[in-house]
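Subject: Handover of a model, with notes on salt bridges and pockets

Dear colleague,

Please find the sequence and structure below. My notes on salt bridges and pockets follow.

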Amino acid sequence: MSASSPRYYWEYLGLDALLDAQRPATASDGRTPAHDELLFIITHQGFELWFKQILWELEAAIDLLGRDPVPETAMGEVVRYLERIVAIQPLLVQQFDVLATMTPLDFLEFRDELIPASGFQSVQWRLIENRLGLPTADRLKINGADYTSRLSREHAARLEASESEPTLLGALDAWLSRTPFLRFGDFDFWEAYRAAVEVMLERDRHLIETNPSVDEVVRDRQLRSFEATRETFAPLFDADAWEQLRADGHRRLSHGSFLAALLISLYRDQPALHLPFRVLTALIDLDEGFTAFRNAHAQLVHRSIGGRIGTGGTSGHAYLQAAARKHAVFTDLFDLATFHLPRRELPPLPDQVRRQMGFRYADPT
Ligand code: HEM
């Protein structure tokens, strides 16, 4: 086509290649294809197209959020890219409903022809997980083997290289660690917050101790779980203890970054924190969306193959359920709610800080 010829829909979208890319294995050697294999292929291809789009948005978000400093004008774009991924995720979950119209018996018409191919080999899915920031050390092993073990050498190398590329979690951590509102001059915010936490915890303890509707056994159990809650607060005020938890894989954000995220979520009504709060919310939505994808997939696998092992050689449904729990990335952001106080009990911010957090055209009185 010459440079001046008008664009043509079919060619612009590459439909020759796209619509020629469905090759049912059961149609080889001139056989009549199994009816449901086309749906199986198209569903997977639909997912891979959306994975490509998700990676595109993810890389753009990492690029902007990873800058130092992040240009103020870029924050809205970061939120927009993340929210687009969040809007795509329900489509993924819905596609499993379409595939579920293929019954186990229909699947058995062609399942054996797939071995050893499996979604387990989806390079784009692994890239998404890696670029989100899922640490390789935190991945489930399959019979002692790594997630790259069933891939071609080229694909394994591509994924191993991606393990050292910038991640969304890393960009978030670096950005949060530079939050300007963590220091308040002479005012020790975290001491004031700690005192407010003590008041809240003492009130909770009093409620348990004086609750007339529970017996001693239940009260003891409640007091033990209350003590466990109290202990989760301790590392907030002890950077070394926090970093030890992080080294042991129980936390992903650094201490300072977690405090910044907590401050943003507690004082999100302050104008300067609106957008940062939307970033945190979008990341929670995003993580939840991928967990929903993993859960929906695990359910589909359960109804499609029951308790059988997968074509990729894992335990199948059991492995996928465990991965849904273990492979979430932004769990620290979900845990922020553990440390929330009612607005009326929050330490008031010093006036000077409040003014800094306001819009410039606001009345500074
Ligand atoms: C009847 C339909 C499906 C069945 C029975 C099925 C089965 C499985 C099983 C058993 C696994 C674990 C690995 C293995 O042992 O093979 C797996 C992994 C995977 N599948 Fe599917 N799958 C189906 C549809 C899909 C679709 C439509 C997608 C979309 C791309 C997909 C993407 C994946 C991904 C990304 C993994 C890796 C998950 C992880 O390791 O965390 N699967 N699948």
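Glutamate 129 is buried, at a relative accessible area of 2%, and arginine 294 is buried too, at 8% (buried is under 20% relative accessible area, exposed over 50%, partly exposed in between, with a 1.4 Å probe and protein chains only). Their side chains form a salt bridge, 2.8 Å from N to O (a side-chain nitrogen of Lys or Arg within 4 Å of a carboxyl oxygen of Asp or Glu). This pair joins distant parts of the chain, 165 residues apart: glutamate 129 sits in helix α6 (residues 123-132) and arginine 294 in helix α13 (residues 274-305). Helices are DSSP runs of H or I, at least four residues long, and are numbered from the N terminus.

The model is predicted: local features need pLDDT of at least 70, side-chain atom pairs count only at pLDDT 80 or more, and totals for chains, interfaces and linings use all residues. Residues are numbered from 1 along each chain as its sequence is written, and side-chain values use heavy atoms, with hydrogens and water left out.

The count of salt bridges is 30. In one of them, glutamate 198 pairs with arginine 230, the closest N and O atoms being 3.3 Å apart. Glutamate 198 is in helix α9 (residues 189-210) and arginine 230 in helix α10 (residues 216-233), 32 residues apart. Glutamate 198 is partly exposed at 36%, whereas arginine 230 is buried at 19%. Both belong to a salt-bridge network that also includes Glu202, Arg205, Glu209 and Glu227.

Within α10, arginine 219 and glutamate 216 are 3 residues apart, about one helical turn. Their salt bridge has its closest N and O atoms 2.9 Å apart. Arginine 219 is buried at 12%; glutamate 216 is exposed at 52%.

On pockets (open sets of points on a 1 Å grid over the protein atoms alone, where a 1.4 Å probe fits, with protein on both sides within 12 Å along at least five of seven lines; lining residues have an atom within 4 Å of a point): the largest is lined by 41 residues, with His44, Ser118, Gly119, Phe120 and His297 nearest its centre. Helix α3 gives the largest share of that lining, 8 residues. The second largest pocket is lined by 23 residues, and Glu72, Met75, Phe181, Ala272 and Pro276 lie nearest its centre. Its largest share, 3 residues, comes from α13.

Regards

Technical notes:
Helix = DSSP H or I, 4+ residues; strand = E, 2+ residues; numbered from the N terminus.
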